[in-house]
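This briefing is meant to be read alongside the sequence and the coordinates. The points are grouped by topic.

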Amino acid sequence: MTTTAEPQVIRSPGPRGIWGWITTVDHKRIGLLYGVSAGVFFFIGGLEALLVRTQLFGPNLEVLSADAYNQLFTMHGLTMVFLVVMPIAAAFTNYFLPILIGARDVAFPRLNAFSYWLFLFSGLLIYSSFVMGGSPDGAWVGYAPLSTQLTEVVRMDYWTIGLQLLGVASIAASANFIATVFTMRAPGMTMLRMPVFAWMSLVVAFLLIFSLPSVAIGLFQLFLDRNFGGLFYAAAAGGDPLLWQHLFWIFGHPEVYVLILPAMGIVSEVLPTFARKPLFGYPFVVFSGAAIGFIGFGVWSHHMFTSGMGPLAEAGFGVATMIIAVPTGVKIFNWIGTIWGGKITFNTPMLFSVAFIAMFVIGGLSGVTHAVVPSDTQQHDTYYVVAHFHYVLFGGAIFGYVSGVYYWFPKWTGRVLNETLGKIHFWLALIGFNLTFGPMHILGLNGMPRRTYRYPEGLGWANWNSVATIGAYLILVAFLVFVWNIVRTHFLAKGERVGNDPWDGRTLEWTIPSPPPVHNFDEVPVVHALDDFWHQKYAEDEEGRAVRMPALAGGAVTVDKATGGGDEGEHLDIHMPSPSYYPVLSSLGLVILGAGLIYLPWGFIAVGVGTAVTMWGLFGWSLEPITKEH
Amino acid sequence: MHLHRRNRNRVTRLLLGVPLAAVAACSGSGPQSALEPGGPIARDIDNLWDLVFWMATGVAIFVSALLVWVIWRYRARPGDDREPRQVHGSSFIEVGGVVFSVVLLAIISVPTVRGLLDVRQIPTGPDVIQIQVTGHQWWWEFEYVDEVAGDGRTLITANELHIPEDRTVNLTMTSADVIHSFWVPTVNGKRDVVPGRTTNLTLIADDPTPPGQPIPGQCAEFCGLAHADMRIKLHVHTAADYETWVDSQLAPSPTPVEDTVEAAGWETFNAVCTTCHQVTLEDADGEIVTYGPERHIAADGFEFRSSFGPNLTHLYSRGTFGSGTFTLDRDHLSQWIDNPQALKPMNPDANDLATGRVLGMPDLGLTVDEIAEVVSLLETWR
């Protein structure tokens, strides 16, 4: 135990290099792993989309066969939802949730590593299908009985098993985040002093915990139908194909909010920072996020307005869908209220956040048109729907996450991304995005169904499809600029170095060095207010304008030692969890087990091996000493 | 009410939602557009869409304009070192925003629910034309259950639906395999076609279609390989023309005269094609015989036709084949019989007639001569 001013971090030194990353349990490293993996999958999923768009450039093109097309659009959806947007959200949550609430790590660091590795291995398992005879080809929603048809082909087993394992990873991560928020907040960090991003992460974790079991049951039944004659969805045997749709969308609709809410959280951090004003109506933003989470469980059947439900059920789900627009609208009003009267700096994170609002408004309003059931019977399963959810998930979620990357990049690396390249990225992305997905509204209303590998001449679809394809390539260029910006700034070390607090930020992450030390906080902060860091730097004059307090300029942290808890020694003696390879081992075992299930009956050997590896990992994990040396 | 609006207006109004005015001239609505209703149901839906579209557009313009104004008005200006006022919120604005959105949504929810109840009514009565629809991978089978020939045969056709103008048509639908969705946008929205269940869709069309220019539609629920090629053609006739069409479809086609090319084709056809396809022929003695298998499936108390392939009795009365995908002519048909998968992606290797599973027409290995004979035969079945 040390009594010097420098705090002593107690943890085994741990291996360096690749093995250090593999065995890491540091939430920041795991966050970066999530982010980089999601980025790679983003380019793969984007490439799949470009192939799809190339095929649709004109009528009756033969760039792709129908079989290849079906695999590619299925994998595009699967990739973007489960291997890109969810892990990007997990990346931000991992890295920043503990810091934003003043914690040194998540509640269960090894479980955190387990979640990441299970996500990565499951993604690789799904992608290995491409070299094993074809990838899943029954659309990401995998409607039965199409997905249970042709059981001699294993493609959709990659999908049932892959999604199941990804679900396990998500449930573990969600439990972890919930425990982190409930048990790890710094002194004084009450629930209503938590940054909105932390709140949205919490809502998302609850959404996943409650929605994933539904699709897990559905996927088990599908797997049994495909491999053991389960007949759950076989109409001829008295099964019900629509049961799958209900089980899937009871998960699938909350999933939409899983994808968008963390992005809304990021925007709610970025706007106040660059408008130099607090978030307008903080409690309303928080509670509308929670309300969206609750109502999100009651609208799933709006994905099924053409499936043959009774009119009363349809009316109920239609009106519920309209109601969910109210808390969503509240958020938008509050974001505009936040920048109203502010002093707005227009740098790249702000551009993407403002574009998020504009694009999300379009996507949200086209969503309301789906709630109008008779009108939805025309729009359902057309390119109008494709346009709608890309405005929500690309113009919305992805723009929000990109904003987050520009915003927090200096915290990760100590260097700020180049503004000129950022603005080029932004404008190319905004124009490319609207060129791609704007025309799809028109195509859908003009009768073009989605998931069609070709379309004939004479239906008036050719021109808009060409425009959409050109736009898609523009998006590629935009994101190549983004990658170059990241490479140049960080890996070539050409980015401008910045200190702890480059944006004059409001929340706790800006009080610590960039990049943060392994233990985040030398001393656990004591929080007195929402936007605590801002209030340490600024007072308000009689007009309500912010006034800088000179004594504390420069990002110094005040720590209330009297209420910090315990004696001084405890502040300075920081226990951090030791690296462990057991999480990797356990998740690897689970994926071996899953791979075995795809190739029954011979796969039972792999099931056995996988089970043994998982058990080995779990035993080792539970018997591992907390800190190897002390 | 907006029956004959110009295409240009539609495009303009669409563009209010998307910033693409520069390329507006490229587009018309097209024959499969939900925005060009050709019947009262589709028109009601379109009117509802108009209401919602304009309200949504109004909100989008208001919010976007506000956003643009705010970021312009409150941009950081060089030399201005005053900090903004730290406003934390306003209950008045929050409540106002909620009330504003609730009122807007209430305005659209009333016609939504009313329209929904209208759209979902299943028409009954003697004037309603009842058609049973069976969705197959990847084609449509239609049975006009009230159109019965003297010998008890019902009217059976495939992929091209014929209805009279201004008459209410009730489709009762099920699927033989996976979920499909019947959709002809200009007459109504889509309705899923689900195995083991029945769903209903009402069709009413305003005007007869010109000969050879049926209204296009297609399957809207992803159903596997050839989902894109599972199309529908809707012919609308005057009442008299419809009766003529019904009579001609109920009549059998002729058995070919011996020692002709067609007779040679019939030998091949009867040996190979009738494994899956039905055809009803009348021989020289006036005897009417139906060749090929007759299969049914039951759903919700209805008996549906569930054939392996389309009934070919009046193949050449259709303008297209391959589920509305290819123009019906000698070249296309010869190519098709020679190698069906070269034209349309299917998976006949997985066919298993014993269990009723058919995933497209196989390559039957016929010689060029046999194909020419069979096509000559088919050309006589008008």
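How far apart are the end C-alpha atoms of helix 4 (residues 109-128) of chain A, and what should its 20 residues span at 1.5 Å a residue? The end C-alpha atoms are 29 Å apart, which agrees with the 28 Å that the helix should span, the expected span being 1.5 Å times one less than the number of residues.

This is a predicted model, in which local features need pLDDT of at least 70, side-chain atom pairs count only at pLDDT 80 or more, and totals for chains, interfaces and linings use all residues. Residues are numbered from 1 along each chain as its sequence is written, while chains are lettered from A and ligands numbered from 1 in the order in which they are written.

**Helices of chain A**
- Helices (H or I, at least four residues) and strands (E, at least two) are DSSP runs, numbered from the N terminus.
- Helix 4 of chain A is largely enclosed by the rest of the structure, because 16 of its 20 residues are buried (20 or more other C-beta atoms within 10 Å of the residue's own; exposed is 12 or fewer, partly exposed is in between, and C-beta atoms are placed from the backbone).
- Ala68(A) belongs to helix 3 (residues 66-100) of chain A and counts as partly exposed, with 17 C-beta neighbours inside 10 Å.
- From Ala68(A) to Asn94(A), 26 residues apart along the chain, the C-alpha separation is 36 Å.

**Contact between the chains**
- Chain A contributes 88 residues and chain B 83 residues to the contact (C-beta atoms, placed from the backbone, within 7 Å).
- Helix 10 (residues 325-339) of chain A supplies nine residues, the largest share of the side of chain A that touches chain B.

**Chain B overall**
- Chain B holds eight helices and 17 strands.
- Its radius of gyration, taken over C-alpha atoms, is 27 Å, well over the 21 Å of the globule rule for 382 residues, so chain B is more spread out than a compact globule; the rule is 2.2 Å times the number of residues to the power 0.38.
- The C-alpha trace of chain B spans about 100 × 50 × 40 Å along its principal axes.
- Of the 382 residues in chain B, 46% are buried.

**Strand 5 of chain B**
- Five of the seven residues of strand 5 (residues 169-175) of chain B are buried.
- Strand 5 of chain B pairs (at least two DSSP bridges) with strand 1 (residues 129-136) of chain B in the parallel sense over seven bridges; Thr174(B) is the bridge partner of Thr134(B).
- With strand 8 (residues 199-203) of chain B, strand 5 of chain B pairs in the antiparallel sense over five bridges, and Met173(B) stands opposite Thr199(B).

Terms used: Contact = placed C-beta atoms within 7 Å.
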